[in-house]
Every structure is written in C-alpha cells, then in structure tokens.
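Please open the model in your viewer and keep the selection panel at hand.

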Amino acid sequence: MYDKIILALSLEHGFAEQALETAKRLGGAEAEIIAVHVYVPPNASVSTYLDEDLVRKAYEDSERELNARVAGVPGVKSVMLKGHSSRTITEYAAKIGADAIIVGSHKPGLTDYFLGTTAARVVRHAPCAVVVLR
C-alpha cells in the first residue's frame with residue numbers, strides 16, 4: 001500500500017513495537033521503513049549554561065537508543081534529525097517523498113488543547129498520509 005514510511009519515534013514513549021508492526025502491515029515486504037527521532041536541542045538561553053560535551057552526549061545517547069529500538073528488524077533504517085519535532089518530521093517527509101508517517105499520540109492534557117501536540121501538528125501539516133497510534 002505504501003512504499004516509503006516514516007516511523008516518528010519519540011524515545012520517551014513506548015510506541016516502537018506497535019509502530020513497527022503497523023508499518024509492516026501498511027507497507028508490505030517491499031516498503032522502505034525509516035525510523036526517525038527528532039532531537040530537540042536546548043534553546044539558546046538554556047544552552048548558555050550547559051556544557052557542550054553534555055549536549056553532545058545527550059544526542060549520542062538518543063541516537064544509540066533509536067538504533068537499539070530498530071536493531072534486528074530487517075528493512076528498517078534509523079535516522080536522527082535535529083529541530084522542532086513536528087516541523088522537522090513534516091519537512092523530512094516532504095524531502096524524501098514519504099507516502100506515510102506513523103506517529104504516536106498520548107492522551108492529551110489541558111495544555112495540548114492550547115498548544116497542540118506533535119501528532120496533531122504532523123496531521124495538519126504532513127504532505128502525505130498520517131497514521132496516529134494511541
């Protein structure tokens with residue numbers, strides 16, 4: 001059904017297994033599946049107080065965890081991105097010509113109704129189909 005699928009994985013949530021299974025069902029054996037994690041760097045005012053080695057280590061730890069989540073899963077590659085979560089995911093999807101994005105969503109809290117969740121923003125701005133997992 002879909003040839004190129006992005007799995008937008010937040011490493012704080014436990015959607016990886018469900019997202020991988022969903023991607024396999026939607027794409028079949030020939031689909032290109034790309035597991036993506038967006039590392040959000042500290043903003044300028046915060047990064048002034050952080051050691052560069054600490055920031056680099058946080059990025060490397062995130063990359064290692066992403067790779068571990070998809071290790072041993074044939075046909076899945078991992079890609080680390082930096083930036084604003086929803087914007088970076090939708091821009092990357094457009095750049096690579098993705099057919100679908102699979103993104104997890106948690107139960108929204110009060111602030112999500114005012115600010116919007118990453119999943120909601122991806123749904124609104126994605127250039128392709130979006131599957132939201134709960």
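What follows is a list of selections, each with a note on what is there.

Before selecting anything, note that this is a predicted model, in which local features need pLDDT of at least 70 and side-chain atom pairs count only at pLDDT 80 or more, while totals for chains, interfaces and linings use all residues. Residues are numbered from 1 along each chain as its sequence is written, and side-chain values use heavy atoms, with hydrogens and water left out.

**The whole chain.** Show the cartoon and follow the pattern β-α-β-α-α-β-α-β-α-α-β along the sequence; the secondary structure comes to six helices and five strands (DSSP runs, H or I of at least four residues for helices and E of at least two for strands, numbered from the N terminus). The radius of gyration, taken over C-alpha atoms, is 15 Å, close to the 14 Å that the globule rule (2.2 Å times the number of residues to the power 0.38) gives for 134 residues, so the chain is as compact as a globular protein of that length.

**The largest nonpolar core.** Select Ile-5, Leu-7, Leu-9, Ala-35, Val-76 and Ile-102, which touch the most other members among the 23 residues of this core (a set of buried Ala, Val, Leu, Ile, Met, Phe, Trp, Tyr and Cys residues joined through side-chain atoms within 4.5 Å; buried means under 20% relative accessible area, exposed over 50%, and partly exposed in between, with a 1.4 Å probe and protein chains only). At least two residues of the core come from each of β1 (4–8), α1 (16–27), β2 (32–39), α3 (52–70), β3 (76–82) and β4 (100–104), and α1 gives the largest share, five residues.

**A second core.** Now select Val-36, Val-79, Ile-101 and Cys-128, which are included in a separate core of 18 residues.

**Thr-90.** Move to helix α4 (residues 85–96), where Thr-90 is found. Is Thr-90 buried or exposed? With a relative accessible area of 9%, Thr-90 is buried, and, leaving aside its neighbours within four places in sequence, it is in contact (heavy atoms within 4.5 Å) with Val-122, His-125, Ala-126 and Pro-127.

**The surface.** Finally, select Leu-50, in the loop between α2 (44–47) and α3, which counts as partly exposed because its relative accessibility is 30%.
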